Amino acid sequence: MGRLNGKVCVITGGNSGIGAKAGEIFAREGAKVVLTDIRDNNVDKVLSGIKKEGGEGFFIKGDTTNLSDVENVFKAAAEKYGKIDVLFNCAGRLEEGMKPLDEFTEEDYDSIIGINLKGTMNMTREALKYMRDRKKGSIINVASISALRGNGSAVYVASKGGIVALTYHLALRFAGTALRCNAIAPGTVWTPMTRRSMKEDRSEAATEFYETIQAHCDSGSHFPICKDHDVANIALFLASDESRSVTGQVITCDFGSNM
């Protein structure tokens, strides 16, 4: 207990899934938690969970692709708590149908790249305004095993690959200081978003691509599937001072199913 005492943590995608679970876990460890998400249908439950853990925090609705919303999140956090110590970029989405490169649409590209990559870049740029002068802070991005193995839809892979590259870029930019940036690369995580995607109809080409993925990895039923707390606990470590020497790293989280 108390691994994040005194830290102010901003978490995107905080309405559900990994972001919501991270809010609970961070609060349990003493953090002041600021959650944001484009949706707010689950907020009462999330904030109740934080309170139950003895923690403190609030939610502000916002779109990470909208600069005004992004600025408002950090302004509200700084006005209430005086600083920002941690940014956990957890907001993201999958497109429908797991489309290979020869099937993606302009709508897929604009939506997925916008939320996954642009949103992460917007939040990170704004966080730096509060961390840069202090040269202190931890920025944690959610990438994906698909960025390292190619085993995902074309636009999603590209968006998560961009997050990996951004992580390296920022870590290099502040190497040797206490301002760190790392990424977590989960395999499939059992969240509301992935539950929906598993029920989607795929085209013949997408089905063929999915079967190719399965043939080149060991992700069979004998491997456990990650839960939201598996990813959130890694984020807890990266947010804490226990990881003070760790920067520019991409930590996989898939029970070894993609080795």
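Trainee: In β3, which residue is the bridge partner of K32?

Mentor: The bridge partner of K32 in β3 is E56. Before going further, please keep in mind that this is a predicted model, in which local features need pLDDT of at least 70 and side-chain atom pairs count only at pLDDT 80 or more, while totals for chains, interfaces and linings use all residues. Residues are numbered from 1 along each chain as its sequence is written, and side-chain values use heavy atoms, with hydrogens and water left out.

K32 belongs to strand β2 (residues 32-37), which runs parallel to β3 and is joined to it by six bridges; strands pair if DSSP finds at least two bridges between them. Helices (H or I, at least four residues) and strands (E, at least two) are DSSP runs, numbered from the N terminus. Across β2 and β3 lies helix α2 (residues 43-52), whose direction is at about 160° to β3, where angles run from 0 to 180 degrees between N-to-C directions and axes are lines fitted to C-alpha atoms, for helices over the stretch in contact. Helix α9 (residues 228-239) also packs on the sheet, where it touches β4 (86-89), β5 (136-142), β6 (178-186) and β9, and its direction makes about 165° with that of β6; contact here means heavy atoms within 4.5 Å.

Widening the view, the open sheet has seven strands in the order β3-β2-β1-β4-β5-β6-β9, and the pairing is parallel. Because β3 (56-61) and β9 (250-253) stand at the edges with a single partner strand each, one side of each is left without a neighbour in the sheet. On average, neighbouring strands of this sheet are turned by 15° against each other, direction ignored.

Let us now turn to helix pairs. The axes of α4 and helix α6 (residues 154-173) come within 8 Å and cross at roughly 15°, which means that α4 is roughly parallel to α6 (angles under 35 degrees count as roughly parallel, over 145 as roughly antiparallel, 65 to 115 as roughly perpendicular and the rest as oblique). Among the contact residues are I112, I113 and L117 of α4 and I163, L166 and L170 of α6. By class, this contact of α4 with α6 has twelve nonpolar, five polar and two charged residues, with Ala, Val, Leu, Ile, Met, Phe, Trp, Tyr, Cys and Pro counted as nonpolar, Asp, Glu, Lys and Arg as charged, and the others, Gly among them, as polar.
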